[in-house]
Amino acid sequence: MKQNSSDGPQSSPILNGNQLLDHLRAVSPYLPGFIYQLCLKPDGKFQYTYTSLQLEALFGVTHEQVAEDASLLLKMIHPDDYQRVINESIECAETASAWHSEFRMLLKNGQTIWIEAYDTPLRETDGTIVWTGYGNDITQRKNYETALAESENKFRAFVENANDIIYSLSSDGILTYASPNWTEILGHPLSDVIGKSIEQFIHPDDVSACNGFLQQVWHSQQKRSGIEYRIKHFNGHWCWHRSNASPLFNKQGEVNSYTGIARDITEHKLMMQRMSHMALHDTLTGLPNRASFTEHLNQAIVLSQREQQALAVLFLDLDNFKPVNDQYGHAIGDLLLQQVANRIRQCLRDADVVGRIGGDEFVVLLRNVHHVANAQQTAEKICECLSIAYEVDGKILHVGVSIGIALYPLHGSNAMQLVRYADEAMYEAKKLPDRIQVFASPPLGLGSNRQEESTPDDLSAKSVDGQQ
């Protein structure tokens, strides 16, 4: 459980926090493959910070062994695939893009298996790269694909029992064959599928990408994989599929149709979305965490500078929240924080952002602020809303809030400055009856690039570049 005291700012966990690891441990027993978290330190050393229990069954090594020596697992990657896998992972980390790959691994007993892996990279402030992802044994599917290329008879023998959908398309995208599990997975009777255009089943937003994918197969005359798209279930909802496709040739050696294998990856997509959400949001309130709020603020500063607009940062610290925790426990405190978060949201415009960055500390981004009074009025509205009594688990509770305000470009030119100055103003606000304080600009010579200490009522009259 998160600490809800007001002892100071606390960073919400990002990708490698204990809460995320707890989540990975909770879901891993229900997955056929294995979950992992791999770090590349600035000194070039790899380290596994988490692997699920399925690791030992698949590769014959334990979590403790690979945690001590990551090479025990990494060196199992087939020599012909190893450098490609490493290069792809580093490239995805550099571009902050998700990674997917299929590669072989050599087990201790000499057996070669195929692994399909997905992960998402994150670069930490010290330069460490953290990949969090999921891998699965696809050896059987690879064997099926080999058999498909060898014999049409073998193709029809195994597709009847394959877990994936195997299909064939004419050159103009008409479904000429679909394995029986199309009905099992997507619900459509095969009589409603065969002879119909594949476009009838694919999400309109994905049709163009799928057509382009087939064109690449056509022109390259080679198998391609990796296309992900949404396909309509008979009940009306959309499923995510990942597919490969291979060209089929006529007697003249010309491509005249396609065959492919499609796998349902809906659960994988949902899991990756949950993991992504956890990396950027506070798990208790669902609000952006410190990292996410800072990203929103940085983007807003760039936009404000371009459009010659001002913005405000409000730093909120609850008053009398610690006694609630001390008297009723953290469970009640957590429920109270959720209600506080909802009330703050209700006081803001759609374009504004509220985040939780500590136990009982929140930050608010107000975009397009024309007057200091705009920010003060919003702060007053929040104070009034949060002061109304709360009913939590049958208990009537009361808390207040102190709010500090900092303005861009008047008080700072970057996110760190604005949050720090709003924090300082918040501590001054605790001394005031109305609990609201606008940051007082420091005099020249103390690191300020501003030319006046007063806060103008009309911020739009000030240069967005600061008082230089």
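R84 counts as partly exposed, because its relative accessibility is 31% and therefore falls between the cut-offs of 20% and 50%. This value, like the others in this briefing, comes from a predicted model. E88, the partner of R84 in a salt bridge, also counts as partly exposed, at a relative accessibility of 25%.

**Salt bridges**

- The side chains of R84 and E88 meet with a nitrogen-to-oxygen distance of 3.4 Å, and the two residues are separated by about one helical turn because they stand four residues apart in helix α5, which covers residues 79-95.
- A salt bridge also joins the side chains of E102 and R141, here with a distance of 2.4 Å from N to O.
- E102 belongs to strand β3 (residues 99-106) and R141 to helix α6 (residues 139-150), so this pair ties together parts of the chain that are 39 residues apart in sequence.
- E102 counts as buried at 14% relative accessibility, and R141 is buried as well, with a relative accessible area of 9%.
- K431 and E428 form a salt bridge through their side chains at 3.5 Å, N to O; K431 counts as exposed at 62% relative accessibility, whereas E428, at 40%, counts as partly exposed.
- The count of salt bridges comes to 23, and a network of them links E102, E116, R141, K142, E145, D164, K223, E228, R242, R263 and K269.

**Aromatic pairs**

- The count of aromatic pairs comes to seven.
- In the pair formed by W182 and F201, the ring centres are 5.6 Å apart and the planes stand at 80°, so the arrangement is edge-to-face.
- This pair links distant parts of the chain, since W182 lies in helix α8 (residues 181-186) while F201 lies in the loop between α8 and α9 (207-220), 19 residues apart.
- Both W182 and F201 are buried.
- F34, Y36 and F59 together form one aromatic cluster.

**Charges over rings**

- K142, which is also a member of the salt-bridge network, has its charged end over the ring of W114, at 4.4 Å from the ring centre.
- The charged end of R343 sits over the ring of Y390, and here the distance to the ring centre is 3.6 Å.

Definitions and conventions: Residues numbered from 1 in each chain as written. Predicted model: local features only at pLDDT ≥ 70, side-chain atom pairs only at ≥ 80, totals over all residues. Heavy atoms only, no water. Phe/Tyr/Trp six-rings, centres within 6.5 Å; stacked < 30°, edge-to-face > 60°. Buried < 20%, exposed > 50% of the residue type's maximum accessible area, 1.4 Å probe, protein only. Lys NZ or Arg CZ within 6 Å of the ring centre and 35° of its normal. Salt bridge = Lys/Arg side-chain N within 4 Å of Asp/Glu carboxyl O.
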